[in-house]
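Dear colleague,

Please find the structure below, handed over for your review.

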Amino acid sequence: MRVGVLTGGGDCPGLNAVIRAVVRKGVQQYGYEFVGFRDGWRGPLEGLTRTLDVKAVRGILPRGGTILGSSRTNPIKVEGGVERIKENLANLGVDALIAIGGEDTLGVATALHGEGVHVVGVPKTIDNDLNNTDYTFGFDTAVTIATEAIDRLHTTAESHHRVLIVEVMGRHAGWIALHSGIAGGANVILIPEQKFDIEQVCEWVESRFKSEYAPIVVVAEGAQPADGGEALLNQELDAFGHVRLGGIGEALAKEIEKRTGKEARTTVLGHVQRGGTPTPRDRWLATRFGLGAIDAVHGTDIVRVPLHTATAELKIVTPELYDEAKVLFG
């Protein structure tokens, strides 16, 4: 059997660990051949490939990013895109495809499955928002990086008696903000699932100053005030119809300064959360996903869920879990 492998969407710590596990087990246990598709769905769409064998995956376990490259190409939006992919897979002798990605990448995989393509999806996202998953690889690394940043910001906040706001990724889910905020001892955590009252935020900030400590506010990029909408970097949509979120931290800093008279500064962690070496937990989890994916291609009995249920809705922070954390605010 010949198996294609691709990584789509945003890069993520642990992608290379999945690729390595898929290839090593696939070659050594099942005798499969592999084709690496470059740059996400652009690879099978345009026939862009690279060698993917045991030699190609040596030494990649601790590396961040993806040796296959990625993109936000959406073949569903390309005229004749699905047929071009099917034709290219047939010409390359690819019997099955392993697509490693988040909701958008796996959404395309779901569509291709409906068109008769044999495809296995591996859930990937630092946002931890894919349904039917407990944790996705990359999440632990993102939380670790954000927590380390919060730890460092505590000391400078205390030195200057400032409000320090940390804007983290997560799009429409608050998992990174919630986990890193709790782990880093933040005084306020704002997530997309719960619109925030700016007056309440300022009360928590003032409460922290009364205890002679400086507050740390962690805000997810998709968080929204009760009287406003999302903060956007621009109005452009990507190939999957998503806007570019960002700027809520700076907007929050200005509002806190205006209402409390306390100096507020913002740190936007951005792509540093998804870059670099994956944590041991993410390497382990990603490796297990890879081993499971190649078994799914082979057809053995493992625990898996239909792609359409995994992509039907986001796994978001529940009100109960957020309320549990709020006792630590202020």
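The side chains of Glu263 and Arg265 form a salt bridge, with N and O 2.6 Å apart; the term means a side-chain nitrogen of Lys or Arg within 4 Å of a carboxyl oxygen of Asp or Glu. This is a predicted model, in which local features need pLDDT of at least 70 and side-chain atom pairs count only at pLDDT 80 or more, while totals for chains, interfaces and linings use all residues. Residues are numbered from 1 along each chain as its sequence is written, and side-chain values use heavy atoms, leaving out hydrogens and water.

Glu263 also meets Arg162 in a salt bridge (3.2 Å, N to O). That pair links distant parts of the chain, 101 residues apart: Arg162 lies in the loop between helix 5 (139–160) and strand 6 (163–168), and Glu263 in the loop between helix 8 (248–260) and strand 11 (264–268). Helices (H or I, at least four residues) and strands (E, at least two) are DSSP runs, numbered from the N terminus. Arg162 is buried, at 17% relative accessible area, whereas Glu263 is partly exposed at 32%; buried means under 20%, exposed over 50% and partly exposed in between, with a 1.4 Å probe and protein chains only.

Within helix 8, Lys258 and Glu255 lie 3 residues apart, about one turn of the helix. Their closest N and O atoms are 3.5 Å apart in a salt bridge. Lys258 is exposed at 62%.

Overall, the structure holds 10 salt bridges, and the chain has 11 helices and 11 strands.

With kind regards
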